[in-house]
Every structure is written in structure tokens, then in C-alpha cells.
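Student: Please take me through the ligand site of this structure in detail. Then tell me what else deserves a look.

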Amino acid sequence: MSRILLLGGVGDALNIARRLGPQDIYSLAGLGKQPADLPCQLRVGGFGGGEGLADFIHAQGIDLLLDITHPYAAQISANAARAAELSGIPCWALRRPGWQAGAGDDWRELADWAELSAAFAPFQRPLFTLGREPLEHLDSIPAGQYWTLRSLDAHPGNARATVIGARGPFNLEDERALFAAGQFDVLISKNSGSTATEPKLQVARELGLPVLLLARPLLPAVDREFSSVETLWSALQGRSV
Ligand code: NAP
């Protein structure tokens with residue numbers, strides 16, 4: 001019988017995990033919520049790099065690896081490609097397209113934190129939706145700035161920064177209220193391409209705010225790449241086992 005190992009941690013992965021069979025395995029790093037009601041098996045925690053993942057694939061008799069991790073989780077995607085190569089099994093990946101600026105949008109893409117911080121230096125009230133990275137810089141907030149950070153991790157913040165621990169999806173109405181209360185003058189974000197976190201871009205557009213996007217990391221080429229859950233799911237169903 002065919003046995004799938006699904007590397008997840010995002011909503012699209014959970015969507016597929018909910019359709020897998022009892023022999024299949026859904027794998028999470030362990031940072032977020034762990035669903036209790038899956039039809040497949042759940043395992044949590046790292047494998048020990050690409051080699052460790054290849055050992056797991058061998059030991060469990062996996063014959064298809066699915067990489068549906070976050071587009072900025074570059075290490076696990078590299079490990080997946082390496083492990084599939086070592087094990088001689090195919091790796092399929094969901095490579096969700098990034099958000100695209102529309103007419104009138106003031107979006108800039110920056111390579112890393114150094115470039116981002118130079119770009120947001122002229123602003124006073126940035127909103128960061130970059131995950132954990134800005135937490136490392138709370139002690140060096142430039143004079144004249146007040147930061148708001150939203151990430152999965154709760155954190156007390158400090159006199160110059162508020163940290164909101166929250167997990168998407170976020171709806172348009174709530175995002176409008178957040179922007180109104182925070183009086184942000186710039187949005188600084190990853191480009192996840194997820195509909196669950198897209199409303200903030202709509203609000204930035206409505207308010208005419210600039211958006212600074214952290215560039216996506218390069219991900220490895222794998223055997224098959226899909227741009228949506230449904231195309232991946234159709235291919236899984238059409239796959240000969
Ligand atoms: P990362 O830097 O690419 O991976 C770090 C290490 O975490 C990997 O080397 C691996 O450890 C372990 N790992 C990651 N995903 C795993 C999985 N699905 N199952 C088992 N082990 C996993 O990843 P990250 O950016 O820290 O993200 C961690 C997880 O959170 C990912 O699964 C990702 O899908 C999810 N996530 C990330 C973001 C983001 O912005 N980066 C946002 C939302 C969700 P070993 O080398 O020991 O195997």
C-alpha cells in the first residue's frame with residue numbers, strides 16, 4: 001500500500017492531511033497547534049536534517065514525500081529534496097505563488113533584515129508581520145519609532161513596542177480595526193501568498209500605506225511542483241499506487 005509522509009505546518013498542509021489515509025503520516029516541527037482529529041498519523045519534531053529524514057523514510061516505508069511547508073521554511077524544504085534523493089522516492093511540493101502588487105500599490109521587496117531596517121528607518125509606526133525576527137531587535141528600536149509586532153509567540157514587548165501573539169486567518173474587518181487603533185504608517189511582511197493573511201494588504205491599500213516585503217528564500221526544485229492545494233490533490237488521486 002502507498003504511504004505518504006506530509007511535511008506541514010501551514011493551513012494548506014492541514015487541508016491535505018485531513019484527506020489522507022490511516023497509513024499516511026503528517027509531520028509538524030512542533031511550534032504551532034497540533035490537530036487531534038486527523039484521519040492519518042501525526043508525528044511532531046525534527047528528523048535530524050536531510051539524512052535523518054531519509055532514515056525515517058526508509059524505516060517507515062514511505063513512498064511519496066509531500067513538502068507543504070511555509071515558503072520561508074527553507075531548511076526543511078532543502079532537507080526534503082535531499083532526503084527524497086537519498087531515498088530514491090519522489091518529492092512533490094506545493095509552491096504557493098507570492099502576492100502581487102496591484103495598480104497604485106507602493107510595495108518594495110528587500111533581501112534581509114539589514115535592507116528592511118534601512119527601508120523602514122524614515123517611518124514612525126511600523127507594523128511587522130515577519131514572524132519572530134523583529135523580536136530579536138526590540139532593544140534597538142530607533143528613537144522616534146513605536147513598533148507593533150504580530151507573531152505566533154506571545155511576548156511582553158517593552159515601552160517602545162507592542163507584541164500581539166495571534167494566529168491567522170485574519171479577516172478584513174479586524175485588520176481595519178487593528179490598523180486604525182495602531183495608526184501604522186508602514187507594513188513590513190513576509191510574502192506568504194496565503195489568503196488567510198492577505199486582508200492586511202487590502203487595508204494597507206485602502207489607507208495608501210507602503211508595504212515592505214521580505215524576499216522569499218530560494219527553494220529546491222523537486223519532482224513535481226503545484227501552485228494550489230486542489231491541483232496537488234488531483235495529482236495525488238490520479239497517482240498509480
Ligand atoms: P525551517 O527553518 O525550514 O526548519 C527548521 C527545522 O525544523 C528543520 O531543519 C527541521 O528539523 C524542523 N522542521 C521544520 N518543519 C518540519 C516539519 N514539518 N516536520 C518535522 N520537522 C520540521 O522551518 P521554520 O521556518 O523554523 O518553520 C518551522 C515550521 O513552521 C515549518 O514546518 C513551517 O511550515 C511552519 N511555519 C513556518 C513559518 C515561517 O514563516 N517560517 C510560518 C508559518 C508556519 P530537522 O532538521 O531536525 O529535521
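This is a predicted model: local features need pLDDT of at least 70, side-chain atom pairs count only at pLDDT 80 or more; totals for chains, interfaces and linings use all residues.

Tutor: G49 uses its backbone instead. One of its N or O atoms lies 3.0 Å from an oxygen atom of the ligand. How much of the ligand does the protein cover? On its own the ligand has 810 Å² of accessible area, and the protein covers 75% of that.

Now widen the view to the whole shell. There are 23 residues around the ligand. G8 and S27 are among those that come nearest, together with F47, I76 and K190. By type, the shell has ten nonpolar residues, eleven polar ones and two charged ones. The top contributor is α3, which gives four residues to the shell.

Next, the second largest pocket. Rolling a probe the size of a water molecule over the atoms shows where empty space is left. This pocket has a volume of about 180 Å³. Its lining is made of 15 residues. Nearest its centre are P71, R95, R96, R216 and L219. The lining splits into seven nonpolar, three polar and five charged residues.

Turn to charge pairs. The whole structure holds ten salt bridges. One of them joins D37 to R18, with the closest N and O atoms 3.2 Å apart. This pair links distant parts of the chain, 19 residues apart. D37 is in the loop between β2 and β3 (41–44), while R18 is in the loop between α1 (11–17) and β2.

Last, the backbone. Most residues other than glycine have a negative phi, and most peptide bonds are trans. Two places here call for a check against that background. A cis peptide bond joins G168 and P169, with omega about 5 degrees. P169 belongs to the loop between β9 (161–165) and α5 (172–182). Q183 is the other place to check. Its phi is near 50 degrees, a positive value in a residue other than glycine. Q183 sits in the loop that runs between α5 and β10 (186–190).

Notes. Residues are numbered from 1 along each chain as its sequence is written. Side-chain values use heavy atoms; hydrogens and water are left out. A residue is near a molecule or strand if one of its heavy atoms lies within 4 Å of it. A polar contact is a pair of N or O atoms within 3.5 Å; within protein, one must be able to donate a hydrogen and the other to accept it, and residues adjacent in sequence count only if both atoms are side-chain atoms. Accessible areas come from the Shrake-Rupley method with a 1.4 Å probe; for residues, only the protein chains shown count as cover. Helices (H or I, at least four residues) and strands (E, at least two) are DSSP runs, numbered from the N terminus. Ala, Val, Leu, Ile, Met, Phe, Trp, Tyr, Cys and Pro count as nonpolar, Asp, Glu, Lys and Arg as charged, and the others, Gly among them, as polar. On a 1 Å grid over the protein atoms alone, a cavity is a set of points where a 1.4 Å probe fits but cannot get out, and a pocket is an open set with protein on both sides within 12 Å along at least five of seven lines; lining residues have an atom within 4 Å of a point. Grid points are joined across faces, edges and corners, and a volume is the space filled by probe spheres set on the points. A salt bridge is a side-chain nitrogen of Lys or Arg within 4 Å of a carboxyl oxygen of Asp or Glu.
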